[in-house]
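Please examine the sequence and the structure below before reading on.

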Amino acid sequence: LSEAHLEDLYQLYQKPWWTQLLLILPRQRRDIPKMLQHSNKVVAFCEPQNNHLVAFFRLLTNYIDHTYIFDLIVPATHPKQALGRKLTETLLQHPC
């Protein structure tokens, strides 16, 4: 992801309801590159018109029998586009 995408991702992390319920400190912008570096796979969709990141999730896996999806973010600003389903289909088409 580019620097602009990292900023888009940080902004996406500010919107979901579950980010407000975390009992830990809110995700910091400076921590995002390290978080991505330690993820096994990252799936993100960008708007074709402006290349802004609009949907995201990341995976951790042992490459044998367990894969965990983290931080599935599809903002309400993109309704009826089935982005969550498209993210999941992308994972299933390109397994770890």
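The model is predicted. In it, E7 is partly exposed, because its relative accessibility is 32%. E7 forms a salt bridge with R29, and their closest N and O atoms are 3.3 Å apart. E7 belongs to helix α1, whereas R29 lies in the loop between α2 and α3, so the pair ties together parts that are 22 residues apart in sequence.

R29 also meets the side chain of E3 in a salt bridge, with an N to O distance of 2.9 Å. This pair links distant parts of the chain, as E3 is in helix α1 (residues 3–13) and R29 is 26 residues apart from it. E3 is exposed at 56% relative accessibility, while R29 is partly exposed at 23%.

## A buried pair between strands

The structure contains 3 salt bridges. One of them joins R58 and D71, whose closest N and O atoms are 2.7 Å apart. R58 is buried, with a relative accessible area of 10%. D71 also counts as buried, at 12% relative accessibility.

## A nonpolar patch

I69, L72 and V74 make a nonpolar surface patch of about 230 Å². Of these residues, L72 is found in strand β3 (residues 67–73). L72 is partly exposed, because its relative accessible area is 41%.

Definitions and conventions:
Residues are numbered from 1 along each chain as its sequence is written. This is a predicted model: local features need pLDDT of at least 70, side-chain atom pairs count only at pLDDT 80 or more; totals for chains, interfaces and linings use all residues. Side-chain values use heavy atoms; hydrogens and water are left out. Patches are made of residues with over 30% relative accessible area and no salt bridge: like charges are joined within 9 Å, nonpolar side chains (Val, Leu, Ile, Met, Phe, Trp, Tyr) within 5 Å. Accessible areas come from the Shrake-Rupley method with a 1.4 Å probe; for residues, only the protein chains shown count as cover. A salt bridge is a side-chain nitrogen of Lys or Arg within 4 Å of a carboxyl oxygen of Asp or Glu. Helices (H or I, at least four residues) and strands (E, at least two) are DSSP runs, numbered from the N terminus. Buried means under 20% relative accessible area, exposed over 50%, partly exposed in between (1.4 Å probe, protein chains only).
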